[in-house]
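This report describes a structural model, moving from the chain as a whole to its sheet, its hairpins, its ligand shell and a few individual residues. Please keep the sequence and the structure in view while reading.

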Amino acid sequence: ATPTAVMVATGVGANNGVLIKGGDALERAQKVQYVIFDKTGTLTQGKATVTSLKVFTQMDRGHFLRLLASAEASSEHPLGKAIMEYARHFQFFEDPTAKKDDSNINMSAWLLDVSDFSAIPGRGVRCFIDGNQVLVGNRSLLTENGITIPSSVEEFVVDLEENAKTGILVACDTQLIGVVGVADPLKREAAVVVEGLKKMGIRPIMVTGDNWRTAKAVAKELDIDDIRAEVMPAGKADVIRSFQKDGSIVAMVGDGINDSPALAAADVGIAIGAGTDIAIEAADYVLMKNNLEDVITAIDLSRKTFARIR
Ligand code: ADP
Ligand code: MG
C-alpha cells in the first residue's frame with residue numbers, strides 16, 4: 001500500500017469513529033487470526049443490574065443491603081456500581097421523601113461508616129464496619145479469608161451462574177450472610193460480530209475474570225467455543241502471549257478495565273468505548289462508538305488497504 005492509501009484508510013476510519021494509531025497498526029490488522037474479547041464491558045454492556053438478593057441469616061434485608069452498599073460505596077467496579085444503583089432505589093422506596101436526584105447526599109447519611117477499604121482485583125472488596133470485617137466478592141475472596149460457603153449458598157450461586165449471572169457473596173465477620181445476583185446483558189451486536197469474524201476465517205475467543213460457569217453460559221449464547229475464565233487481571237496478557245506462541249497474530253478487544261496490559265501485549269490492541277486513558281495509550285485502535293461491529297470495520301479496512309492487486 002502506498003502512503004496515500006494508508007492516509008486515506010486512516011481518514012475513512014476516523015470518519016467512522018475508528019481511530020488508527022499509525023500505518024503499522026493498520027497493516028497488522030489484516031493478518032489477525034484470533035480476536036480475543038474481554039467479557040465484562042466489552043461483549044457485555046458493562047452495566048450490570050441486581051436481579052436477586054438473598055439473605056441466608058436472620059439479618060433483615062434492609063440492613064443486609066445497607067452493609068453491602070456501605071462496603072461497595074468506594075468501588076469503581078461495574079459490579080459495585082450495580083449494587084449502589086440498586087441500593088439507591090431500595091432506599092428511595094423505604095423513604096420516598098428522599099429524592100432520587102440528590103441520592104448521593106441521602107445515600108451518605110444512610111450508609112454505615114467504613115474503615116480500611118480495599119479493592120482486591122479479580123476478587124471483590126474488603127473493609128471494616130462496626131469492628132467487623134466485611135467481604136463482598138467471589139468464592140476465592142471468601143475462602144482465602146477462611147470463610148466456608150454452606151451448600152445451600154453454593155446451590156443458589158450455581159443456579160445464578162448457570163443463567164449467565166454472577167453471584168456476589170457477602171460475609172460479615174466469619175459468617176456468610178447473603179448473596180446478590182447480578183446480570184450484565186450482552187451488547188446487541190455481540191453475536192452477529194462473533195459470527196461475522198468466523199465467516200472471515202478468524203477465531204473468536206473470550207477471556208474473563210468471572211467464574212467458569214457464568215463464562216460458559218455467556219459464551220454459549222454467543223457461540224464462542226474457546227474461553228478462558230477466572231483469569232486474574234495480570235493474567236490476561238499471558239493469555240494473549242499463549243496464543244502468540246506459534247506465531248499467530250492476535251487482536252485483543254477490551255474496555256481498559258483490567259485489560260490494558262493485554263491490549264499492549266496483543267499484535268493489535270483494540271480499545272472499545274471512550275476507554276480509560278491507559279487503554280487508549282496501550283491500544284493500536286480506539287473504537288469511539290463503543291460498537292463491536294467496528295472490530296470488523298477495522299480488520300476489513302486493513303484487508304482492503306493492503307490487498308494485493310492480482
Ligand atoms: P472481568 O474480567 O469480567 O471484568 P474482574 O477481573 O474485574 O472481571 O472481576 C472478577 C470477579 O471478581 C467478578 O466476576 C466478581 O465476582 C469479583 N469482583 C471484582 N470486583 C468486585 C466488586 N467490587 N464487588 C463484588 N465482586 C467483585
Ligand atoms: Mg472488563
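## Overall build

In this predicted model, 43% of the 310 residues in the protein chain are buried. The protein chain contains 14 helices and 13 strands. Its radius of gyration is 22 Å, close to the 19 Å that the globule rule gives for 310 residues, so the protein chain is as compact as a globular protein of that length. Taken along the principal axes, the box filled by the C-alpha atoms of the protein chain is roughly 75 × 40 × 30 Å.

An open sheet is formed by 7 strands in the order 1-13-12-11-2-9-10, and the pairing within it is mixed. Strand 1 (18-20) and strand 10 (227-228) stand at the edges, and because each has a single partner strand, one side of each is left without a neighbour in the sheet.

Strand 11, which spans residues 250-254, is mostly covered, with 5 of its 5 residues buried. In a regular strand the side chains alternate between the two faces of the sheet. Strand 11 is covered on both faces: Val250, Met252 and Gly254 are buried on one side, while Ala251 and Val253 are buried on the other.

Strand 11 pairs in the parallel sense with strand 2 (residues 34-38) over 4 bridges; Val35 stands opposite Ala251, and Phe37 has Val253 as its bridge partner. Strand 12 (residues 268-272) also runs parallel to strand 11 and is joined to it by 4 bridges, with Ile270 of strand 12 standing opposite Val253. The path from strand 11 through helix 12 (residues 260-265) to strand 12 makes a right-handed β-α-β unit.

## Two hairpins that share strand 5

Strand 4 and strand 5 are joined by 4 bridges and run antiparallel, and Ser115 has Phe128 in strand 5 as its bridge partner. These two strands form a hairpin with 3 residues between them, and Gly122 in the turn has a positive phi of about 75°.

Strand 5 also pairs with strand 6 in the antiparallel sense, over 6 bridges, and here the bridge partner of Val125 is Val136 in strand 6. Strand 5 and strand 6 form a hairpin with 2 residues between them, in whose turn Asp130 has a positive phi of about 60°.

## The shell around ligand 1

Which residues are the closest to ligand 1? Of the 22 residues that surround ligand 1, the closest are Thr40, His77, Gly124, Asn138 and Gly209. By residue class, the shell around ligand 1 divides into 6 nonpolar, 12 polar and 4 charged residues.

The shell around ligand 1 draws at least three residues from domain 1 (3-45 + 186-306) and at least three from domain 2 (49-183). At least two residues of this shell are supplied by each of helix 3 (39-43), helix 5 (78-94), strand 5 (124-129), strand 6 (132-137) and strand 7 (166-172). Strand 5 and strand 6, which each supply residues to the shell around ligand 1, are also the two strands of the hairpin whose turn contains Asp130.

Most residues other than glycine have a negative phi, and most peptide bonds are trans. Against that background, two further residues deserve a look. Asp116, although not a glycine, has a positive phi of about 50° and lies in strand 4 (residues 115-120). Is Asp116 buried or exposed? Asp116 counts as exposed because 9 other C-beta atoms lie within 10 Å, where the cut-off for an exposed residue is 12 or fewer.

Asn290 is likewise not a glycine and has a positive phi of about 55°, but its place is in the loop between strand 13 (285-287) and helix 14 (293-306). With 17 other C-beta atoms within 10 Å, Asn290 is partly exposed.

Lys289 is also found in the loop between strand 13 and helix 14, and with 13 C-beta neighbours inside 10 Å it counts as partly exposed. The C-alpha atoms of Lys289 and Gly17 are separated by 6.0 Å, although the two residues are 272 residues apart along the chain.

Key. Residues numbered from 1 in each chain as written. Chains lettered and ligands numbered in written order. Predicted model: local features only at pLDDT ≥ 70, side-chain atom pairs only at ≥ 80, totals over all residues. Near = placed C-beta within 6 Å. Nonpolar A, V, L, I, M, F, W, Y, C, P; charged D, E, K, R; others polar. Domains from an automatic or database assignment. Buried ≥ 20, exposed ≤ 12 C-beta atoms within 10 Å, placed from the backbone. Pairing = 2+ DSSP bridges. Right-handed = clockwise from strand over helix to strand, strands pointing away. Rg over C-alpha atoms; globule rule 2.2 N^0.38 Å.
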